[in-house]
Amino acid sequence: MGGDDLQDQEEAMRWLLGMEHRKERGYLITIHYDGVFFYQPLRNSQDNVTEGSNVVDNVGDKEKGSDDEMDKEEGNDVEMDKEEVSDDDSAHSIDHLSEGEDELLEVRKKKAEGKRKGKPKAGPSYDCGDNVCDDAMSKNEDNGCDLKVEHDEFIDELMKALKTNESEANEDPFIEDKVDEQYPIHDPETHWKLKKPMIGERYEGPKQLKDCMTYYALANGFSLWYEVSCNKKVIARCGSRPPRMQDETKGKQKKHIRYPKIKKENDSEIDCPWRLYARWMQKEQSFQVVSMNDVHSCSRNFKYGSLVNYKWIGRQFGQRIRLNPDIKNVELVDLVMKKYKCQVSPHQCSKAKHWAMHVYEKSLIEHYGMLRSYGDELLRSNPGSTVKLGVTVNPDEKVYFDRFYICLHGLKEGWKNGCRGVIALDDCFLKSVCQGELLTAIEMGTINHIFPIAWAVVNVENKENWTWFISLLSEDLELANGDRVTLMSDQHKGLVEAVKDVLPNAEHRQCARHVYENFRKSFSGVELRNLFWRASKASYPLLFQSVMNEVRLANPNAHKYLTERDPKTWCRAFFVLHRGCEAVENGFSECFNVVIVKVRNKPIITMLEAIRLIVMERMHKMRRLCDSWVDDICPSYRKKIELAKLQQRYWKVVPGGGTKFEVRKGNDAFVVDEEQRTCTCRMWELTGLPCEHSVAAILFLHKNPDNYVPAWFRKEMYIKAYSYHIQPVQGMNQWPANELNKPLPPLPRKMPGRPKKKRKRAVHEVASHTGKISKTGIAMTCQICLQEGHNRRSCKREPIAKPVKPSKKVGRPKKVAEVVQGNSMADAIKEGTSMEAGKASMEAGKASMEAGKHMSEKHQWRLEKHQWRLEKHQWQRGH
């Protein structure tokens, strides 16, 4: 380390102490932060002392001197600065100190003590008069400058403390130390590995003391247990816990002395002598450690019993659990072992997860009681929104939750200015303690993305709740009678009736996926499946009738079933035109349900806030999405236009006069009207985008198909939909208080079986965690009674001996000409029943054996096998 670096280090230390040092006229002047001056000679010479007295006069009394004398004195100072410091001064100079020179520090300490031995210590003077200063300088000259020694000692200690990262040395040596309190106070901010109870230490209460002891045990591997643990006192010991005093014949009992003292014969059998006793203080409200034997004779332990329970695990890893609620119990066990060297069970971690989430989300009663405050906060932060709370008042005057509706202003205005008017209505089950359902209204956005509009929590899905939800939605979106609105939903009867009552003029489509799931329960098979989807996606009526005729030929009952289900609601050939949507499935509602699947098991406030944050974050991402677009047409529709341009090459355009064209490919032909923007395939009117037939006609006119894309699918409309913002909401502790009656949670409805969180999969769906095909529908055969319809686990019949199966001969059979007379085995089977066929086959076999003496061994083995099967069949019919 160079001299310049050490000098900078010394200046930094002086700044840290609030001091300023400078050299003038042979003296080191120290200016303390409170204005006190100290003077130290740089060399032990009489001239410097005299000059030092002049410096005191000039600084303290501010006397004027001649300029020539001042210049001369300054020149002398420069020459003295250039001179080297004596060996005696170098012992006290910080410039000669480098890292690792601890021996030098000890030498300097001894040197300073030798100088001060037998001499009184000179304290700091706060009077800057001439006599005092002269006396101080004379003492410094005669006695070795005690102030300088004290200062250098402090610098030495400070440097040593900085090397060892000790903060106690950062104190001013000229300020008297504060008197410590008689008993220390426990600092909860101490690192958990350094926490240790001490005699006389004061705590807030028994809980804080127990936390400190838990960390102390974990850091050192001590097996601590509580002999007495109550609100008044705590007695803790170390070692193995003795068994409780109880009479096994009377069951578990609580005695006054629960853990008796067990006398040991040998000293080696004595447990660890560590013991702690703490109680409340009499003169103040503090919990104090009264006595403690801080001696351990035990070995390292990794199991801590009641010290580490599920609540303690939940407190330590609560933040990690809340960030990742799906963390596995085994992973949590590994985390506890890695950080605290403590063995816990997966069951403890499972309870810790539930406890951590429950503490974070508060109780259900508090959640439902805060719904009014939550609604007021939404209305305050998002003016123009709609929030409705429905309650039920019982005869006992108790108020219970019934339903809750939310439609934010940003979503409401975004739908009015940038959406097509295709709304999907759906519901999903809640997985919390109090069962209920979440009703949602989702718009198919400009680029076929989900655009949430409103959602509501209800107790049950029925016509009344759907009518209430659709009525509020109609008021918010100004739908009137639903003249320009298309709704899509499942086949719920209450929803269908509610739409007819509230929006009678709206087009109501049924999800083809739900129709097919009910259809396949009675009519399964690949052929009928393909025919159904061809019929649902047929764009014009003649194509639909053609496919339905194929369904009639395949299965007349299936044709009758589909005809009764009102094809106008699930077939594309009968949809209302000019709505910009040809979808036959309610896929965008299912997408939203998948997004919120992890929050549906939360209490109501947490769930509603999570949904709002998900929608808020999505709105921001969708606004940022269009920043990189270079085209006026949305990317997803640009791909469809380019695909239509590729497909139009296979169609021939025949002009029919004016703006009408006949587009042909083989026997297929469609009429396109360029001016009216129609095509007889109806896809142009359904989707709003030119189909491949219309693109062929447009290109025949040497026009650009991009000019025929409607405003629904352009960037300008997309920006309008997402230009409205959802305003942020304050935290739960800052919501306005509402003094109205707080609703209670709805009375839970007991459902049969264990509550399920996963969606019920259809029969044809394969479980994601298995790689096998489901055996549903396959007839089982019992291996005990040889009967069908059950397996051996549920069989209650007596076991039956199986017929002995003939063993096949080893080796390749020889090829010998076979001569069989009479009726063959196949002819015999066709003539009669199974029994008669079996007998006929036996007779034919015998005839062949009699007729041909050179029968092959292979044929003989087959005959024996067939005879065994016949005997088994007869035996089964007999039983």
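**Architecture of the predicted chain**

The chain exposes about 52900 Å², of which carbon and sulfur atoms supply 50%, the accessible areas being derived by the Shrake-Rupley method with a 1.4 Å probe and, for residues, with only the protein chains shown counting as cover. The model is predicted, and for that reason local features need pLDDT of at least 70 and side-chain atom pairs count only at pLDDT 80 or more, while totals for chains, interfaces and linings use all residues. Residues are numbered from 1 along each chain as its sequence is written, and side-chain values use heavy atoms, with hydrogens and water left out.

Buried residues make up 40% of the 879 residues in the chain, where buried denotes under 20% relative accessible area, exposed over 50%, and partly exposed the range in between (1.4 Å probe, protein chains only). The secondary structure comes to 30 helices and 19 strands, these being DSSP runs numbered from the N terminus, with H or I over at least four residues for helices and E over at least two for strands. Among contacts (heavy atoms within 4.5 Å) between residues at least 6 apart in sequence, 61% join residues at least 24 apart.

An open sheet is formed by 5 strands in the order β4-β8-β7-β6-β5, with antiparallel pairing; two strands are taken to pair if DSSP finds at least two bridges between them. Strands β4 and β5 (224–229) stand at the edges, each with a single partner strand, so one side of each is left without a neighbour in the sheet. Strand β4 (residues 202–203) pairs with β8 (residues 287–293) over 2 bridges, and R202 has Q288 of β8 as its bridge partner. On pairing with β7 (residues 275–280), β8 takes part in 6 bridges, again in the antiparallel sense; W280 is bridged to F287 of β8, and a hairpin of 6 residues joins β7 to β8. Helix α8 (residues 206–220) lies across β4, β5, β6 (233–238), β7 and β8, and runs at about 160° to β5, where axes are lines fitted to C-alpha atoms, for helices over the stretch in contact, and angles run from 0 to 180 degrees between N-to-C directions.

In α22 (residues 587–595), the buried residues are F588, S589, F592 and N593. They cover an arc of only 145° around the axis, which puts them on the same side of α22; the arc is that of the directions from the helix axis to the C-beta atoms. An α-helix has 3.6 residues a turn, so residues three or four places apart point the same way. The buried residues of α22 pack against β11 (422–429), β12 (437–444), β13 (450–458) and α23 (604–625). In α19 (residues 526–536), L528, L531, F532, W533, A535 and S536 are buried, and their cover includes α18 (512–520), α20 (541–554) and α21 (556–564).

Backbone torsions were considered next. Most residues other than glycine have a negative phi. K341, although not a glycine, has a positive phi of about 55°; K341 lies in the loop between α11 (329–340) and α12 (346–361) and is partly exposed, with a relative accessible area of 39%. R677, likewise not a glycine, has a positive phi of about 55°, is found in the loop between β18 (668–673) and β19 (678–679), and is partly exposed at a relative accessible area of 36%.
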